[in-house]
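Trainee: Please take a close look with me at one part of this model, the pairing of its charged side chains. I would like each contact set beside the exposure of its partners.

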Amino acid sequence: MSAGHAHGGLGATYVPGDSPVHRLEPHTKLVAVLGFALVVVLTPVHAGWAPLAYAAFLGLLLVVAAVAGVRPGRLLRGLVVEVPFVLFAVLLPFVSRGPRTEVLGLSLSENGLAAGGSILAKATLSVLAATLLAATTDPRALLRGLERLRMPSVLVQILGFMIRYADVVGGELRRMRVARESRGFRARHLGALKVLGPAAGSLFIRSYERGERVHLAMLSRGYTGRIPTGPVAVVGSRSWALALSLPLAAAAVLTAGSLLG
């Protein structure tokens, strides 16, 4: 399987570059993003200074994006995965109990507004941090980073195959769609599920059979449960300090808010 597959599917999220952020070792960036997300989650929901802290966190992310050369449009596209959280946050002020307030003629729960706003802010900041990580780290390097952080090898290999074969399965799905449409099929009503259901089952069976063939090919080449990797590079304290500057700056904002708020 060629490495190019990684750039045709999930690898499309990567933005090639040579910025200081791109040059950081992937496992240091993973630790930095996890640390930043932890600080964001620990920010008190009902604190009066919380909105200012969220704004400061967003400013930190925008600084990192500017240094990495990641454009705002790329960050906004990454927020698509947040849509379910947005819908949940929008519903909270309407369904939550407790004191209510009038906003634009609508009776909304004060607790729901605070909880919904907090969920929206925390989810947005965490997704933006993850988007920056994906935009500045090649998927294969990201897998090496997970391995260096001692993630179980089996899970790393599963993620690796998922990245490699996502576009292969997507291509199979597109060919099946073209075949259906060439026979006059159009999914315009619920009755189309009678056709789409078996098609989904067929796609699963084809993917499973492909996976079996790949596994047999790997066994014939001496696969023993681990994929050999190259030598592990030593990461200096300067690289760690640069990577951790984001969560440490966020922690400083949180500490200042707790002490001064």
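**Salt bridges and exposure**

Mentor: D18 is exposed, at a relative accessible area of 59%, where exposed stands for over 50%, buried for under 20% and partly exposed for what lies in between, computed with a 1.4 Å probe on protein chains only. The model is a predicted one, in which local features need pLDDT of at least 70 and side-chain atom pairs count only at pLDDT 80 or more, while totals for chains, interfaces and linings use all residues. Residues are numbered from 1 along each chain as its sequence is written, and side-chain values use heavy atoms, with hydrogens and water left out.

The partner of D18 is R23, joined through a salt bridge of 3.5 Å, N to O, a term that requires a side-chain nitrogen of Lys or Arg within 4 Å of a carboxyl oxygen of Asp or Glu; R23 is exposed as well, at 53%. Side chains of opposite charge can pair when their charged atoms come close.

The salt bridge between D138 and R140 has an N to O distance of 3.2 Å, and here D138 is buried at 13%, whereas R140 is partly exposed at 33%.

R177 and E181 form another, with their closest N and O atoms 3.6 Å apart, and both sit in helix α9 (residues 153-182), four residues apart, about one turn; helices are DSSP runs of H or I, at least four residues, numbered from the N terminus. R177 is partly exposed at 38%, as is E181 at 34%.

Finally, salt bridges link E172, R175, R206 and R210 in a network, and the whole structure holds six salt bridges.

Technical notes:
Helices (H or I, at least four residues) and strands (E, at least two) are DSSP runs, numbered from the N terminus.
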